Amino acid sequence: MDVVTLHSPNPDVLLNPTIEVSFPLSQQTLQFISEMQALLLKLKGVGLAAPQVGSPQNIFVYSISAEQNRLRKDANRVVPMTVLVNASYSPTIDAKLVYDWEACFSVTDHTGKVPRYSKIRYQAATPEGTPIIGIAEGFEARVLQHEIDHLQGILIIHRLTKDCLQGHPDDMLLLRYQEFDPAQKLIAKELLIERIKNTAADQHTELAMLNKALKILTDPVTRKT
Ligand SMILES: [Zn+2]
């Protein structure tokens with residue numbers, strides 16, 4: 001299972017709405033979901049949607065660790081590995097628009113502060129087909145909006161408007177790390193080192209990007225020239 005990016009030979013799956021999934025899920029779909037969960041853990045990310053691994057099914061997985069929460073001002077809850085099927089969201093009446101850093105495994109050359117609703121109501125089903133209605137706030141709401149957007153063929157490049165701080169991930173990473181306190185810098189560094197450890201030696205582009213990010217984090221001053 002590999003991540004599809006906008007530079008992959010067939011990126012269309014990222015840019016089209018997914019198909020609704022019917023229950024009960026097939027053995028093949030359950031196997032697919034467990035592979036997605038394993039990949040998300042390996043990538044040390046917070047969310048992964050089916051189109052990002054080349055499938056047009058309305059499924060995503062997400063998980064927010066205590067470490068990932070410490071990198072966010074508006075994170076309020078540790079989320080264990082969760083699978084949602086046929087998900088949709090809408091902002092609550094009291095939601096505000098908040099701009100914050102986001103990155104996407106499928107968009108490797110552009111990132112920025114993406115506007116998202118501070119609070120959403122979402123609907124989905126569990127893999128068993130049980131309907132869920134939930135309210136999410138802060139960083140969890142951001143993650144859900146990012147992933148549910150993937151299910152509609154919407155990427156961060158479509159959400160970043162002219163007024164957003166945005167650019168190449170190298171430059172944005174430098175800006176983002178400057179906003180971190182020393183404890184957050186340490187966590188970010190550890191997460192990167194974990195990701196490098198879990199990346200296969202033949203993933204040259206991915207490894208080069210991660211090592212570059214680590215260099216920026218370790219020695220931001222050298223980036224000034
Ligand atoms: Zn994404």
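1. Two residues are in contact if their C-beta atoms, placed from the backbone, lie within 7 Å. Leaving aside neighbours within four places in sequence, Leu-30 is in contact with Leu-25 and Pro-127. This note concerns a predicted model, in which local features need pLDDT of at least 70 and side-chain atom pairs count only at pLDDT 80 or more, while totals for chains, interfaces and linings use all residues. Residues are numbered from 1 along each chain as its sequence is written.

2. Overall architecture. The chain has 8 helices and 8 strands; helices (H or I, at least four residues) and strands (E, at least two) are DSSP runs, numbered from the N terminus. The radius of gyration is 17 Å, close to the 17 Å that the globule rule gives for 225 residues, so the chain is as compact as a globular protein of that length. That radius is taken over C-alpha atoms, and the rule is 2.2 Å times the number of residues to the power 0.38. Along the principal axes, the C-alpha atoms fill a box of roughly 55 × 45 × 30 Å.

3. Of the 225 residues, 27% count as buried. A residue is buried if 20 or more other C-beta atoms lie within 10 Å of its own, exposed if 12 or fewer, and partly exposed in between, with C-beta atoms placed from the backbone. Among contacts with a separation of 6 or more, 68% come from residues 24 or more positions apart.

4. An open sheet is formed by 5 strands in the order 1-2-3-6-7, with antiparallel pairing. Its edge strands are strand 1 (47-49) and strand 7, each of which pairs on one side only. Two strands pair if DSSP finds at least two bridges between them. Neighbouring strands of this sheet are turned by 40 degrees against each other on average, direction ignored.

5. Helices on the sheet. Helix 2 (residues 27-43) packs on the sheet and touches strand 1, strand 2 and strand 3, its direction making about 35 degrees with that of strand 2. Helix 4 (residues 138-151) also packs on the sheet, touching strand 1, strand 2, strand 3, strand 6 and strand 7; the direction of helix 4 makes about 160 degrees with that of strand 2. For these angles, axes are lines fitted to C-alpha atoms, for helices over the stretch in contact, and angles run from 0 to 180 degrees between N-to-C directions.

6. Strand pairings within the sheet. Strand 2 (residues 59-64) and strand 3 (residues 79-91) run antiparallel and are joined by 5 bridges; Ile-64 stands opposite Val-79 of strand 3. Strand 3 is in turn joined to strand 6 by 5 bridges, again antiparallel, with Arg-121 of strand 6 as the bridge partner of Ser-90. Strand 6 (residues 119-125) pairs with strand 7 (residues 131-137) in the antiparallel sense over 7 bridges, and Ala-124 has Ile-132 of strand 7 as its bridge partner. In the hairpin of strand 6 and strand 7, which has 5 residues between the strands, Gly-129 takes a positive phi near 95 degrees.

7. Strand 4 (residues 97-104) and strand 5 (residues 107-117) pair in the antiparallel sense over 7 bridges, and a hairpin joins them through 2 residues. Tyr-99 stands opposite Pro-115 in strand 5. Strand 5 and strand 8 (residues 166-167) run antiparallel and are joined by 2 bridges; the partner of Gly-112 in strand 8 is Gln-166.

8. Helix 6 and helix 8. The axes of helix 6 and helix 8 (residues 204-218) come within 10 Å and cross at roughly 35 degrees. Helix 6 contributes Asp-170, Leu-173, Leu-174 and Tyr-177 to the contact, and helix 8 contributes Lys-212, Ala-213, Ile-216 and Leu-217. These residues divide into 6 nonpolar, no polar and 2 charged. In this grouping Ala, Val, Leu, Ile, Met, Phe, Trp, Tyr, Cys and Pro count as nonpolar, Asp, Glu, Lys and Arg as charged, and the others, Gly among them, as polar.

9. Two leucines. Leu-174, in helix 6 (residues 169-179), is partly exposed because 17 other C-beta atoms lie within 10 Å. Leu-174 and Arg-121 are 53 residues apart in sequence and 33 Å apart in space, C-alpha to C-alpha. Leu-30 lies in helix 2 and is partly exposed, with 13 other C-beta atoms within 10 Å. Leu-30 and Ile-133 are 103 residues apart in sequence and 22 Å apart in space, C-alpha to C-alpha.
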